[in-house]
Amino acid sequence: MKLLYSFCLLFFITINSQAQNHPATVNYDLKKKRLLIHTCSSYLYNSNQGSIDADSSVVLTCKAYKLPLALAYDEGFNDGSFLIGSKLIENGNITAAKQLYVKSKEVEKIKLALQLGIHYLFQPFTKPEDITNANIYISEAVKISNELKIQKWQHESLMLLGKYYFQINNYPESKKCFLQVVTECRKTNDKTAIADALYNQASYQYDLDPEKEKILKEAEALYTTLGQEEKVLQVKSKLCTIYFWHGKINDAKKILYQNIAAMRKIGFRQQQFSETTISYIEGVQFNIKNALYYALKSVETMEKTNDYTFADIFYMRLGIVYLQMGHTDEAIKMSEKSIKYGQSIYSSGSWYKSFITATASLSEKGKNKEAIEYMNSITSKYAPPNKFDNMLMNYGYANCYWRIKNYGTAEKYFIKAGEAADALDSPQTHRDVCNTYSAIALFYGNRKNLQKTKLYIDKIETVSKKYNKTYNSEALQLSFVKLDSLKGDFKSALAHHKLYKIMSDSLLDYAKNKQIEELRIQYETENKEQKIKLLDKETDLQETALKKSKLINTLSIWSLVLLVLFIALLYNRYRLKQRTNAELELKEKEINQKNINLRHLLDEKEWLLKEIHHRVKNNLQTVISLLNSQSAYLENDMALSAIKNSQHRIHSMSLIHQKLYNSENISTINMPNYIRELVEYLRESFSLGQRIRFELKIDPLELDVAQAVPLGLILNEAITNSIKYAFPEDRTGMIYITLETTKENKILLTIADNGIGFDTDISAQKINSFGLSLIKGLSDDLDANFSMENNNGTIFKIEFSKEFPIIENRR
């Protein structure tokens, strides 16, 4: 009976535990749960642009995913085994935990002191009494660990003390604590301890501290060596944040691509946070096609994993991208979904932005009065929760009233929006604040108010200098046009108007509309391919059913011979099966016809892709012709040379699209044919005759277009340099080009000449010339090793992998 009771109790505890788990964390170990907390809370903190603190982001994440808050901070001493007092603290029974602390001894007392210290220190919007209690228990942990002289607990206590000093803004003491732990760990040469100490040291340094990036990179290298993939992801995420807020957007984007690939590898499902961040970055860089792709991808990942915890984030981002592209109906639809999930499940703080997006979409459609009524209905129930959303709300009102020419009311709301923008003081809000200022400046420019137009343009310059960031927009350039016109400086106004026209060129609108159609075709094609696979499986199942049917018929015939008494019954069965077979055969014919139709659609897709390459090639040829026409009006030799070099580079890309158009294979380039045609083009362009000859040794390689384009540009630069500089005074010579496969799936490109070589004394000065910089940059894009030698001439070597991981991850 006791055994039965124990079993029932254990079963109840297990079921209850599983019921409390969030579906999104099923089969996650502690490492992945901590990674989820870090990934989600980091996104919430950055996306809310300073409206909530880091600790509140962690609390919101843990509450939403039903994870203990301590998991975010107790990694150093909680490996998943039982911790005395942890359940009491988790359930909020702090009094019982304190009583247990008094009774505890030695190591157990240290652990409980650390838990209580963490509980008080990382409260959202910490109160003075919380800080006092945190100091009491952290000091006790330091004291007891020093008495026991156990280094592990000395380090854990000292690092928590460093976190305490950081929370109370005593930065020098905080750095001192972490540095002491790192120094002592280095003496023991314990790589895990060193990595953990470095990670904690960097985590509690300001992003502007120049040491932070260096420390994180060392921690990343150690975690990589140790195979701790979850920690590598967390470190790279912190590096991504540093790069993003320091303006190194492409470096941040590269890390996000790598992190998505690593998440897939370890089975971490919440990739949507990285995907929606990529979408935001691509949108800021005006790469609208990529922004749409990753916004759609984040929603797809969320829906595929059935993790709607912070669904408002992902629908909000997709809605904003649709608005950027002018697809207002889709923008409104996604905004409504974001609002629905933000109000009914867990709000990340994003749904209010979706409400503004929906308002802007109505305004774009010319429904400004309807937009104002919609805003009134929302703001009457939900006031803006923070200064940032207050700025957006007032901007939305002002914009709508401006469009219906109610200038007085518009100005009133623009003033409120400006005051809200003035109150925002962080690099996270820089772009949105400048957007608001530029809109207000344009409003006053249209009203011919010189003083106020200049005031808000000056505000943009001031806030940009403060955070060492650049800002540009159509509204800003148009504001400059208005300002210069009012001042009578028409030359400057014309220059700014040209910049405005470049940014608002109709070609961008055409590209936007075209790109969304291309993406739709891509998604429809993928769906059709999936349907073909499903139909193939259906066909296999039906063929199996037919075979079974035939077997039954055979058995029926033998049964007729053996069992004469059941002839009537068996004959009826036989007729029934015959009808079934006929129906199955008819269905099989229908399925085959559907397969033929779907394959025909795939052929049409390939034809469309070829047509795209053909048009790109023609457009590039047009650019070459335009440059050629422009050169006829230039007398400056340097300008003529620059145009000529540009023509060569464009031709190297045009040649690739020509190859793709003419080839049966539309995804790879035949490198021997391509390189020979490129060399022949350069030989004819420079009218070399037999003065300079070429020797080619090209392996029969097929490369992806993403690798062939930079490789063609590198060849163009290197060969052009050799022709121009290796053989002065009409000397004769040879240029050798080799493309071969080396060990470990590597490809080596060598461009060498037997010319005069380069002067080693001045090479350092020329190393940053445009041509060499372009070669180095393109080599970085290929993830290649680049070297330049001086051996009886100049030798360029570029070694790269045939696999292209960054591009692979983006597909």
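Trainee: How many of the residues of strand E5 (residues 746–753) are buried, and with which strands does E5 pair?

Mentor: The model is predicted. Strand E5, residues 746–753, is mostly covered, with 7 of its 8 residues buried. Strand E4 (residues 733–742) pairs with E5 in the antiparallel sense, over 8 bridges. Within this pairing, Leu-739 has Leu-749 of E5 as its bridge partner. The hairpin formed by E4 and E5 has 3 residues between the strands, and Glu-744 there takes a positive phi near 55°. E5 also pairs with strand E7 (residues 794–801), again in the antiparallel sense, over 7 bridges. In that pairing Ile-751 stands opposite Phe-796 of E7. As background, side chains in a regular strand alternate between the two faces of the sheet.

Because 10 of its 13 residues are buried, H14 is largely enclosed by the rest of the structure. Among the buried residues are Phe-273, Ile-278 and Ile-281, together with the charged residues Glu-275 and Glu-282. Phe-286, which follows H14, has a positive phi near 65°.

Helix H24 (residues 474–487) gives a matching check: its 14 residues should span 20 Å at 1.5 Å a residue, and its end C-alpha atoms are 20 Å apart, which agrees. The buried residues of H24 include Leu-476, Leu-478, Val-481 and Leu-483, as well as Gln-477 and Asp-484. Just after H24, Gly-488 takes a positive phi of about 85°.

Trp-558, Val-561, Leu-562, Leu-563, Leu-565, Phe-566 and Leu-569 make a nonpolar surface patch of about 860 Å². Helix H26 (residues 506–562) gives the most to this patch, with 3 residues. Leu-565 is placed in the loop between H26 and helix H27 (567–631). With a relative accessible area of 82%, Leu-565 counts as exposed, because the cut-off for that term is over 50%. An unreviewed UniProt entry lists residues 551–571 as "transmembrane region". In the model, the end C-alpha atoms of residues 551–571 lie 15 Å apart, and the span is 81% helix and 0% strand.

Definitions and conventions: Residues numbered from 1 in each chain as written. Predicted model: local features only at pLDDT ≥ 70, side-chain atom pairs only at ≥ 80, totals over all residues. Heavy atoms only, no water. Buried < 20%, exposed > 50% of the residue type's maximum accessible area, 1.4 Å probe, protein only. Helix = DSSP H or I, 4+ residues; strand = E, 2+ residues; numbered from the N terminus. Pairing = 2+ DSSP bridges. Expected span 1.5 Å × (residues − 1). Patch = residues over 30% accessible without salt bridge, like charges linked within 9 Å, V, L, I, M, F, W, Y side chains within 5 Å. Areas by Shrake-Rupley, 256 points an atom, 1.4 Å probe, with all protein chains shown as cover. Salt bridge = Lys/Arg side-chain N within 4 Å of Asp/Glu carboxyl O. UniProt positions renumbered as here; feature names shortened; annotations may be inferred.
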